[in-house]
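The sequence and structure come first.

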Amino acid sequence: MFLSIDVGNTQTTLGLYDQDGVGRAGWRMATVRTDTADMLREHLHSFFQMDEEDLDAVEAAGIACVVPVLTRAWTRCLQRELGITPLVVGPDVTGNLDLALPNRTTVGADRVANAVAALASYGTPAIVVDFGTATNIDVVDREGTYRGGAISPGLMLSAAALFSHAAKLSSVPIEAPDSALGDTTEKAVQSGLVIGAAAQAEGLVRRIAHELDIDDAQVIATGGLARTVSKATDLFDVIDDDLTLRGVFLIWQNHRQRTEE
């Protein structure tokens, strides 16, 4: 089996796949930068025991991580526990994805994984909107080349900034209101946050699609808040919760095929 790990700034998700890429289980945990290899090992054991999966059956793993210290911790954890060295997704480990960027070393591993999975699952052209700590937009053009995208503060970051700096505003449930016009403070805040995030995505996707002449692109939403924001827009053709994890698996699969040739 294959263990796919996506370490974001706020949350870490894990997915267990068989060798054909069929998902067996998935887990989510907080990203804690001070976690050691031993602490991560405890999390792994807890997850596998909870779902009655066999940790020793994991034969390979891959990591997409935006927190370098945790790349090292996860690598040590898997080496010690399973005797395997995970494939680390990055600008030089992209599967079959071509990056058309002036400086490819700066692109995040999660963005690469999203683009790979979008290309494999939905074809070209494709635009991915990932609602995480940051909202990332990533674009694959008609030729299957990764062209870049846009990065903005995520919905929860915006909410935290608002609530911490506006004395008269208190935290409200992060959900889509019925209308953009809020007739209470709570609904006004929800409109600004959730419908605002949807409107921002609509505007950026529309501009990017126009610039690249890909108005027919498949638009895929992923990330922890994708389903919340999707209730405020008809922008998305599909919501794919496992896009990043599946992208890590596909990159590992491509790497394995190349090394076996």
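The text below goes through the strands, then the cores, then the pocket.

The model is predicted. Three residues form the hairpin link from β1 to β2. β2 in turn pairs with β3 in the antiparallel sense, over seven bridges. The hairpin of β2 and β3 has five residues between the strands, and glycine 21 there takes a positive phi near 85 degrees. Six of the seven residues of β2 are buried, so β2 is largely enclosed by the rest of the structure.

An open sheet of six strands has the order β6-β9-β8-β7-β10-β11, with mixed pairing. β6 (98–99) and β11 (238–239) stand at its edges; each has a single partner strand, so one side of each is left without a neighbour in the sheet. Within this order, β7 and β10 run parallel and are joined by five bridges.

| Residue | Bridge partner | Strand of the partner |
|---|---|---|
| Isoleucine 5 | Leucine 14 | β2 |
| Glutamine 11 | Alanine 30 | β3 |
| Valine 129 | Alanine 221 | β10 |

The largest nonpolar core has 28 residues, and Ile127, Val129 and Phe131 have the most contacts inside it. The elements giving two or more residues to this core are β7, β8, α4, α5 (185–212), β10 (218–222) and α6 (226–230). Its largest share, nine residues, comes from α5. Another core, of 27 residues, lies apart from it and includes Leu16, Phe48, Trp74 and Ile84. In soluble globular proteins, nonpolar side chains tend to be buried together.

Leaving out residues up to four places away in sequence, phenylalanine 131 touches Ala197, Ala201, Ala221, Thr222, Gly223, Gly224, Leu225, Ala226, Val229 and Phe236.

The largest pocket has a volume of about 870 Å³. Its lining has 40 residues, and those nearest the pocket centre are Asp6, Arg28, Gly132, Gly223 and Gly224. Gly223 and Gly224 are also among the residues that phenylalanine 131 touches.

Which elements each supply at least two residues of the lining of the largest pocket? They are β2 (11–17), β3 (23–30), α3 (109–122), β7 (126–131), β8 (134–140), α4 (155–165) and α7 (243–260). β3 gives the largest share of the lining, six residues. By class, the lining consists of 13 nonpolar, 18 polar and nine charged residues.

Methods: Residues numbered from 1 in each chain as written. Predicted model: local features only at pLDDT ≥ 70, side-chain atom pairs only at ≥ 80, totals over all residues. Heavy atoms only, no water. 1 Å grid on protein atoms, 1.4 Å probe; cavity = no way out; pocket = protein on both sides within 12 Å on 5 of 7 lines; lining within 4 Å. Points joined across faces, edges and corners; volume = space filled by probe spheres on them. Helix = DSSP H or I, 4+ residues; strand = E, 2+ residues; numbered from the N terminus. Nonpolar A, V, L, I, M, F, W, Y, C, P; charged D, E, K, R; others polar. Core = buried A, V, L, I, M, F, W, Y, C linked by side-chain atoms within 4.5 Å. Buried < 20%, exposed > 50% of the residue type's maximum accessible area, 1.4 Å probe, protein only. Contact = heavy atoms within 4.5 Å. Pairing = 2+ DSSP bridges.
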